[in-house]
Amino acid sequence: MAEARTELRSTAALRDTMSAYYKTLGDAVTTKSAPVAWCTSVGPAELLRALGFAVHFPENHAAMLGAGRTANKYLPVAHAQGYSQDICSYLTSDVGAYLAGESPLSAFGLTGVPRADVLVFNTNQCRDVRDWFEWYGRQWNAPVVGINSPRSVGDVTDAEVDDVTAQLEALVPVLESVAGVRLDGGRLAAAMKSAREASELWERCLHTAANKPSPFTFFDGTIHMGPAVVLRGAPEAAAYYHVLLAELEERVRGGVQAVPGETLRLYWDGMPVWGRLRALSTTFAEFHTAVVASTYCNSWIFSMLDPADPWRSMARASVELFIARSDGPKERYIERMVELYDVDGIVFHDCRTCPNNTNTRYGMPRRLSDKLGIPTLVLDGDVNDLRCFSDEQARTNIEGFVEQLSDARTHASRVTR
Ligand code: SF4
């Protein structure tokens, strides 16, 4: 019998915030109240907001297809267009849904994804986002512009930040001409201030999970991160995180556990398995195991954004992003998280179609396990393609991992007694 997880009251406010965002997007399309820009999840959203664009994030749309378990219906449609089964299943499910004329945004009154006036990518996360945007650019004859970022970055250098800064500044004339307005420095500073405030609040929400027991899990985070993603640079994101933070702090004071009977604590690295969030969350909870933190949810903390230095601080945020780094800085980051959240082990998701956000294939789990003295588990799966995920296999692996962790803990307590 599965243990019930404790749901957050803030989910109602989250739903309202996200619905209002989708409605604004729909209004921009139907009433032409604002030009529409598409933006990658860590693209220059603050700049687009300062220019008055309504901003659509296709990765959010693709995650909705995954979470709604409709992605697999659309994947073959894109594969038939020559887009490989081995490339990003966000891209292929989203393009397939467009060709099928269907979208979960219909629940919010939109007829489909909003038609873009311009598509703005940043390859700091992967090349797939550029290919994805270029597909739509060809469909609509819309301009596709962006930033070609350095990847596998070791220690961030000034030269790398200078390069991205120059690319960001070069976007301005193109975006001004699509928006039909000149960039206002005050509006850019305001968008940066909103983004920074929301980021700080989101970080504080995530850090509440360092408490024992944890009031919040990775699985909660994947849902409640919505405003941090789609409302970056808008004041509504911070407004929502004030609500969430208040509830999480109340939980900490009251000792409310996200996972009843929390015994073990884990860190998650890699993409979520959107179509199995609920199932995985229930399985871990059944074993009294709280997945308390993740690289994924942390990736929307942008502490370096500075309204007084918008261009270089946006560039630095782009270059310093976890996914854009080499294994050395990634491992140092995970080490800090293991210590901060005091976890018993690390789960690595080997995401079949996203090698970019998979850290299992060049020995990292073994190196971290040896260095930190804690076990690691590699779960095979995918972000959206559920053919790559086996419920039985995942459950067996999680059960074995929990046993291993419990044995290690029993042994440690015997030794220290
Ligand atoms: S990071 Fe991975 S999941 Fe995200 S768009 Fe790129 S390939 Fe797809």
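Q: Which residues surround the ligand?
A: The ligand is surrounded by Glu59, Cys88, Tyr90, Gln125, Cys126, Asp128, Val129, Met271, Cys354, Asn356, Asn357 and Val383, where a residue is near a molecule if its C-beta atom, placed from the backbone, lies within 6 Å of it. This is a predicted model, in which local features need pLDDT of at least 70 and side-chain atom pairs count only at pLDDT 80 or more, while totals for chains, interfaces and linings use all residues. Residues are numbered from 1 along each chain as its sequence is written.

Q: And what's that shell like by class?
A: The shell around the ligand has seven nonpolar, three polar and two charged residues, with Ala, Val, Leu, Ile, Met, Phe, Trp, Tyr, Cys and Pro counted as nonpolar, Asp, Glu, Lys and Arg as charged, and the others, Gly among them, as polar.

Q: Changing topic, how many helices and strands does the protein have?
A: The protein has 17 helices and eight strands, which are DSSP runs numbered from the N terminus (helices are H or I with at least four residues, strands are E with at least two).

Q: How far does H7 reach from its first C-alpha to its last?
A: Helix H7, residues 158-179, reaches 31 Å, close to the 32 Å expected for its 22 residues; the expected span is 1.5 Å times one less than the number of residues.

Q: Where is the kink in H7 centred?
A: The kink, of about 30°, is centred on proline 173, the bend at a residue being the angle between axes fitted to the seven residues ending there and the seven starting there.

Q: Why does valine 172 count as partly exposed?
A: Valine 172, which lies in helix H7, counts as partly exposed because it has 16 C-beta neighbours inside 10 Å.

Q: What comes just after H7?
A: Glycine 180 is found there, and it takes a positive phi of about 75°.

Notes:
A residue is buried if 20 or more other C-beta atoms lie within 10 Å of its own, exposed if 12 or fewer, and partly exposed in between; C-beta atoms are placed from the backbone.
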